[in-house]
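This report concerns the structure shown below.

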Amino acid sequence: RVAALGQPQQEVVRPPGRVPLGLKRKGLRVVVTGGAGFVGSHLVDRLLARGDSVIVVDNLFTGRKENVLHHGGNPRFEMIRHDVVEPILLEVDQIYHLACPASPVHYKHNPVKTIKTNVVGTLNMLGLAKRVGARFLLTSTSEVYGDPLQHPQAETYWGNVNPIGVRSCYDEGKRTAETLTMDYHRGANLEVRIARIFNTYGPRMCIDDGRVVSNFVAQALRKEPLTVYGDGKQTRSFQYVSDLVEGLMKLMEGEHVGPFNLGNPGEFTMLELAKVVQDTIDPNARIEFRPNTADDPHKRKPDISRAKELLGWEPKISLKKGLPLMVQDFRDRIFGDQKDAAA
Ligand code: NAD
Ligand code: UDP
Ligand code: UDP
């Protein structure tokens, strides 16, 4: 085809309804599944702030209305109480798919539901993305590496996962979600992105979700002993939530499918984490050892070379800087709740 000015023009073939990607657009229509949860609600804040219209799809299993309540009067914000295991019809440009319980205590609570959320829920969101030609981002997890035999973990590592253990509903569920995502990409030409998120903390984490950062911070504030599981020498790498949200948005807007590790390479033993919490909240907080849970990964640390090179992303906030940023939020919710109960 020849354009009016005589310049040859490339034919752009897109499924009907698809918004031209790569163009500078204002006001995208974005779905955030799990948007009433910890990570999702921070992502929603950022998307609304840059002018997008956001639909949160959440069944409020582990999420809270309070996390998004401050957007109640915003005409560009909408929340639908919906379980992603059931199909849904929406017209959107981008889908950030976060819906899934993330803490071991929550995902082990009803393992079959966790698998269904990861498999059927992801299938439904991919079907939706295919129908409307939306770009789809899956929030996978460092748990796909299982108890890793490679350290630090690069995206090329295929993992060491127990398929029949108590964590498998989550690990294997997310691995299947990644498979589905790639099969829709290859088979239906869907634009997809995959993030493998490493342990993330910050304000709005569930206080009693059993994760180590929320446990230690809540315990220190309540003057209870910090519960260290096992010998406390297992390691994790902790990322502050704003760094993660930045990474997710860069990934969505960029040109690369991934998977990309999004995490902070600063690695800590659980005893070292306990020390940071003591230094931040209460130097007199005692430590109490408890038996560890089954299949607990011994170490975990992301290799983020790929994200640095291809997304131009790396975390900015160290654990020592980030931890104090969640303390006031926890204090307000823990002691606010007690005041409410006393009233
Ligand atoms: P979260 O539990 O705070 O948020 C998950 C949200 O999904 C909640 O609002 C919950 O109500 C919702 N949800 C759960 N099942 C649903 C269903 N069937 N239908 C609709 N909504 C449902 O957890 P988070 O830490 O914010 O995690 C968000 C995503 O990031 C999850 O997919 C998780 O696997 C992934 N991730 C998180 C971390 C982390 O450290 N926070 C690490 C790795 C991966
Ligand atoms: N789906 C959905 N919303 C849509 C389109 C599809 O929830 O807008 C669901 C649909 O119900 C199905 C899944 O996504 O269970 C996969 O859809 P797809 O069209 O890829 O597969 P098919 O329906 O042919 O099995
Ligand atoms: N852990 C701990 N004390 C707690 C909760 C967890 O020592 O009160 C340990 C747990 O055994 C694991 C690590 O902290 O080795 C991280 O656990 P978390 O549940 O936060 O996340 P995971 O990385 O295991 O999904």
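How do the residues of the shell around ligand 2 divide into nonpolar, polar and charged? In this predicted model, that shell consists of 5 nonpolar, 2 polar and 2 charged residues. Its members are P87, I88, L89, L123, N124, G127, L128, K130 and R131.

## H42 in helix α1

Helix α1 contains H42. Is H42 buried or exposed? H42 counts as buried because 21 C-beta neighbours lie inside 10 Å, and the threshold for a buried residue is 20 or more.

When neighbours within four places in sequence are left aside, H42 is in contact with V241, S242 and V245. H42 can also be related to G202, which is 160 residues apart from H42 along the chain; their C-alpha atoms are separated by 9.7 Å.

## Packing of α1 and α6

Two packed helices are described by the angle between their axes and by the distance between those axes. For α1 and helix α6 (residues 241-253), the axes come within 10 Å and cross at roughly 65°. The crossing in which α1 passes α6 is right-handed.

On the α1 side, the contact involves V39, H42, L43 and R46. These residues meet V241, S242, L244, V245, L248 and M249 in α6. The residues of this contact divide into 7 nonpolar, 2 polar and 1 charged.

## Confidence of the prediction

The average pLDDT of the protein is 92, and 90% of the residues score at least 70. Over residues 1-17, pLDDT stays under 50. For this stretch, the model has 8 contacts beyond four places in sequence.

For the complex, the predictor gives an ipTM of 0.98 and a pTM of 0.92.

How values were computed. Residues numbered from 1 in each chain as written. Chains lettered and ligands numbered in written order. Predicted model: local features only at pLDDT ≥ 70, side-chain atom pairs only at ≥ 80, totals over all residues. Near = placed C-beta within 6 Å. Nonpolar A, V, L, I, M, F, W, Y, C, P; charged D, E, K, R; others polar. Helix = DSSP H or I, 4+ residues; strand = E, 2+ residues; numbered from the N terminus. Buried ≥ 20, exposed ≤ 12 C-beta atoms within 10 Å, placed from the backbone. Contact = placed C-beta atoms within 7 Å. Axes fitted to C-alpha atoms, helices over the stretch in contact; angles between N-to-C directions. Left-handed = near helix turned anticlockwise from the far one by under 90°. pLDDT = per-residue confidence, 0-100.
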